Amino acid sequence: MSDSAYHLDTLAWRLRAIVGEENVLESEPMSEHTTFRIGGPADFYVVPDDPEEVGDVVAACREEGAPYFVLGCGSDLLVSDDGYRGVVIALADDLTNVSVNGEEMTCQAGVTLKEASEMACELGLSGLEFACGIPGSVGGACFMNAGAYGGCTSDVLESVRALMPDGSVQSIDIDDLAMGYRKSRVKDEGLVVLSATFKLHEDKPEEIRARMDDFTRRREEKQPLELASAGSTFKRPEGFFAGKLITDAGLKGYQVGDAAVSKKHAGFVVNLGHATAADVRAVIAHVQDEVDRQFGVRLEPEVRFLGEEPGEKDEEPRP
Ligand SMILES: Cc1cc2nc3c(=O)[nH]c(=O)nc-3n(C[C@H](O)[C@H](O)[C@H](O)COP(=O)(O)OP(=O)(O)OC[C@H]3O[C@@H](n4cnc5c(N)ncnc54)[C@H](O)[C@@H]3O)c2cc1C
């Protein structure tokens, strides 16, 4: 923590005053908080209890000049081996309330997509079936416009409540969220989603369940769910499928250290046990170069990067 640009003691004191001593972890290994099981320590790992605390933590970071990063379930994230010189604000631990009003379901940002889809199913509300096997949070889904099996977040999202860059909290309607394939205004403008309201529709619970079971079966058949990963490593390039290009390039099973292109689904880079972020980055770079060389298509990572690798600048310095 010695090379951080901000005053650690002052920041630590302020963070503890906001969220309580027990909710501020120092030098917290990010490998514990990512589905890749990779990542060095974050200077601070902070767990706010409610939206007001999120706003106060962000304000404190800004005032102290500390970079911050909003974490959901860490299921789309590669954190550097050196960790992160800043504050990770973890929303999936405590921001987990759900309320239902007719066909509208409002979830705080930390609710998992699995919980949201299960609850909707039990209530006979259809629309979130596509999300049942995506291991992310509602906030992360709004950021990425997560989707699967022909459905995506923007299909059912009605609005979000978000912390804006100026510190205000605003309700933003779906039409103003500029959501597209793996993109959104949340991502482009660094908004912090506090909660999201989904517009669902009534259906028989057994029919909803049957669709969820079908998606789960298909996922289990095709994806290497027994290994740590961050899901699809690359975005789908227009007119192609990343997994097919990688397979056709002969890269299934390509390995650096303990990181490898999955033999089951070439779109996934998996952690075979003790992979480092450097291993994963090396696999990603080789796949990009080789697919480009053979097919003239440059694959773009879908997975987000956090923390600096040697010689690189952090992708998402905030504020
Ligand atoms: C096995 C596996 C299968 C997967 N399958 C799919 C799939 O079918 N479809 C799909 O789309 N994705 C899939 N993913 C990827 C991932 O689950 C999704 O992208 C998910 O939406 C990420 O949510 P998260 O909460 O884990 O986000 P994180 O990984 O925690 O964060 C991802 C980004 O979202 C931002 N973010 C998180 N919460 C908020 C918030 N409240 N406000 C603002 N920004 C926020 C973070 O800052 C970060 O930049 C899969 C991943 C795995 C491991």
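The shell around the ligand has 19 nonpolar, 12 polar and two charged residues. Here Ala, Val, Leu, Ile, Met, Phe, Trp, Tyr, Cys and Pro count as nonpolar, Asp, Glu, Lys and Arg as charged, and the others, Gly among them, as polar. This is a predicted model, in which local features need pLDDT of at least 70, side-chain atom pairs count only at pLDDT 80 or more, and totals for chains, interfaces and linings use all residues. Residues are numbered from 1 along each chain as its sequence is written.

**Ligand shell**

- The ligand is surrounded by 33 residues, and the closest are Gly 72, Gly 136, Gly 139, Gly 140 and Gly 231; a residue counts as near a molecule or strand if its C-beta atom, placed from the backbone, lies within 6 Å of it.
- At least two residues of the shell come from each of strand E3 (68–71), helix H4 (138–144), strand E9 (147–148), strand E13 (192–199) and strand E15 (228–232).
- H4 gives the largest share of the shell, five residues.
- Helices (H or I, at least four residues) and strands (E, at least two) are DSSP runs, numbered from the N terminus.

**Phe 143 in helix H4**

- Phe 143 is part of helix H4, and it counts as buried because it has 29 C-beta neighbours inside 10 Å.
- Buried means that 20 or more other C-beta atoms lie within 10 Å of the residue's own, exposed means 12 or fewer, and partly exposed is in between, with C-beta atoms placed from the backbone.
- Leaving aside residues up to four places away in sequence, Phe 143 touches Ser 184, Val 186, Lys 187 and Val 193; two residues are in contact if their C-beta atoms, placed from the backbone, lie within 7 Å.
- Phe 143 and Leu 157 are 14 residues apart along the chain, and their C-alpha atoms are separated by 12 Å.

**Helices H3 and H7**

- Helix H3 (residues 113–122) packs with helix H7 (residues 205–222) at an angle of about 150 degrees, and their axes are 8 Å apart.
- H3 and H7 are therefore roughly antiparallel to each other, a label for angles over 145 degrees, while those under 35 count as roughly parallel, 65 to 115 as roughly perpendicular and the rest as oblique.
- Axes are lines fitted to C-alpha atoms, for helices over the stretch in contact, and angles run from 0 to 180 degrees between N-to-C directions.
- H3 contributes Ser 117, Cys 121 and Glu 122 to the contact, and H7 contributes Pro 205, Ile 208, Arg 209 and Met 212.
- By class, this contact of H3 with H7 has four nonpolar, one polar and two charged residues.

- Among the buried residues of H2 are Pro 51, Val 54, Val 57 and Cys 61.
- The cover over the buried residues of H2 includes helix H1 (8–19), strand E2 (41–46) and strand E5 (84–90).
- Leu 11 is found in helix H1 and touches Tyr 6, Ala 60, Glu 64 and Ala 66, not counting residues up to four places away in sequence.
- Leu 11 counts as buried, with 22 C-beta neighbours inside 10 Å.

**Helix H9**

- Helix H9 (residues 277–295) reaches 26 Å from its first C-alpha to its last, close to the 27 Å expected at 1.5 Å a residue.
- The buried residues of H9 include Ala 277, Val 283 and Val 291.
- Gly 296 follows H9 and has a positive phi, near 70 degrees.

Technical notes:
Expected span 1.5 Å × (residues − 1).
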